[in-house]
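Visitor: I am new to this structure and would like to know how its descriptions are reached. Please show it to me.

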Amino acid sequence: FFGVRFEVLKDFAMSASAIVESVKENGIPEPKGGIALNGSNKHDLLVAELRKNVEVIDLAVGTKDSRLQSRVLRQTRIIRPKLTSAALGAVVKRTLSKEESSFFSKYLFENGVAMEMDTSTDKKSPDLSASMTTVPEVSAYLQLLCVAMLIDNKNLENAVEASTELIEFVSKFKSRTMDDIGSRAFFFYSRAHELTNNLAVIRPRLLTAYRTAVLRHDPTGQAMLLNLLLRNYIHYKLYDQADKLVQRTDFPETRSNNQLARFMYFDGRIKAIQLDYTDAFESLQQAMRKAPQGTALGFRIIVQKFMFIVQMLTGDIPDRATFRQQYMEKALAPYLELTKSVRVGDLNLFKEVVEKYRHVFMRDETMSLITRLRQNVIKTGLRKINASYSRISLDDICTRLGLESRERAEGVVAKAIRDEVIDAVIDYKTMSMRSKDNVNTYTTAEPANAYHNRIEFCLNIYSGAIRAMRFPDATEDEANTEARRKRLKEEQELAKTLEEDEEDLEEDF
């Protein structure tokens, strides 16, 4: 294990050194602090970054190290905002053959004209990739960037065609090194069709791809495709089919936290629609905890919105401090007013808030759950009335809750008594509600249940942390103590060399 890792790090260090030398030979300027980069400098730096990623992918394929490849794919989010057709075309010309670059000649445009993919090498700019064999993963990675750029530029028709060609290309290969890129390809494939309102068309293909991923024991593909299918079903309000899919499938354990967060979010929405509010709140809470805390602000906001509504449907009121989270306060303002109306139990105020922010709730797809909060508003008002009065007439209850008639108030009170929302009885002779004496909570099982829930939550956090840890291979067999010391010394020297190379690379750029 350590021997293989040593070779990988050694090759990676050599690759980084080669990139630095190439940057020097190509004459890329070295920007100093306070000096702005012009368009040419940005283009050269972007080309150098893309070529470096291509080399890392080639290294990862050669060494079978998926972590290097995953590192490159995680940088896609950083590269996408500054990606241009010129930079991508320059890398394609220097990396791929004429046959491999035919894909890009259809979708890369410069000044409104399709780019010519002439793969002849410029003698003045030696190609870093000329000495290495182009692997399919490199071509797939560049095609992935092309599809992402088409989507970002709102060129949706070409994005749909390009993403379809991309998944057909990656489906031809069965190597493990194509799994990560293949899962990302299906994400952009689904995203392009979602933006063109054609999600239903790709559902059979997603189901076929998911079945193939399960048979091939591809956890990355399983996690991605399962989330895409759930998103597809929820988009068309097919909650029953989504629930059947969740019940008949197992989410892979060896997956990224981002995919787990998406799965828990979809699972929480499905359970909330099916009135399973307790489990729905736990799933949404897990999604919020697993989501990236530094990024994914939009995802965390929408999860927080559903958490507020589901929490109120369970009978609890969210803490006011959760509405004041950084960068979320403005987006959560309508839900803060909604929570206030539920907390005070004022049905008229609740109706006003719903009408005022109806367009916001419809956009967030929370309107169907918010309409269910009407009963909770009535229950909250009844609790306050029950705690304030030992006896009160049904007519007064009707007036305070804003109900239509005394008969309606009688039905609401009877249902609340049956559901154990309040501890009272209805006196039909005087048509009034009589409250019973309050019971000491500590004589019931509620404190024990609360402690049980807290302990279970902590144990789940501990179990999740253990599963997320990485351990060395159990089959490793060290010959003796001297060999172990020698290997540790070599790794320390290599780490020191890598640090020096990284410093040189930063100075060169």
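Guide: Leu275 lies in the loop between α13 and α14 (277-290). Helices here are DSSP runs of H or I with at least four residues, strands are runs of E with at least two, and both are numbered from the N terminus. This is a predicted model, in which local features need pLDDT of at least 70 and side-chain atom pairs count only at pLDDT 80 or more, while totals for chains, interfaces and linings use all residues. Residues are numbered from 1 along each chain as its sequence is written, and side-chain values use heavy atoms, with hydrogens and water left out.

Visitor: Why does Leu275 count as exposed?

Guide: Buried means under 20% relative accessible area, exposed means over 50%, and partly exposed is in between (1.4 Å probe, protein chains only). Leu275 has 57% relative accessibility, so it counts as exposed.

Visitor: How do you know whether Thr177 is buried or exposed?

Guide: Thr177 has a relative accessibility of 11%, and therefore counts as buried. Its place is in the loop between α8 (156-170) and α9 (179-195).

Visitor: What makes the pairing of Thr177 and Glu137 a polar contact?

Guide: A polar contact is a pair of N or O atoms within 3.5 Å; within protein, one must be able to donate a hydrogen and the other to accept it, and residues adjacent in sequence count only if both atoms are side-chain atoms. The side chains of Thr177 and Glu137 make such a contact at 2.6 Å.

Visitor: Why is Arg262 called partly exposed?

Guide: Arg262 has a relative accessible area of 32%, which is why it is called partly exposed. Arg262 is found in helix α13 (residues 257-273). Arg262 and Lys290 are 28 residues apart in sequence, and their C-alpha atoms are 9.0 Å apart in space.

Visitor: And how is Lys340 classed?

Guide: Lys340 counts as partly exposed because its relative accessibility is 33%. Lys340 belongs to helix α16 (residues 333-344).

Visitor: What about Ile455?

Guide: Ile455 has a relative accessible area of 51%, so it is exposed. Helix α23 (residues 446-468) contains Ile455.
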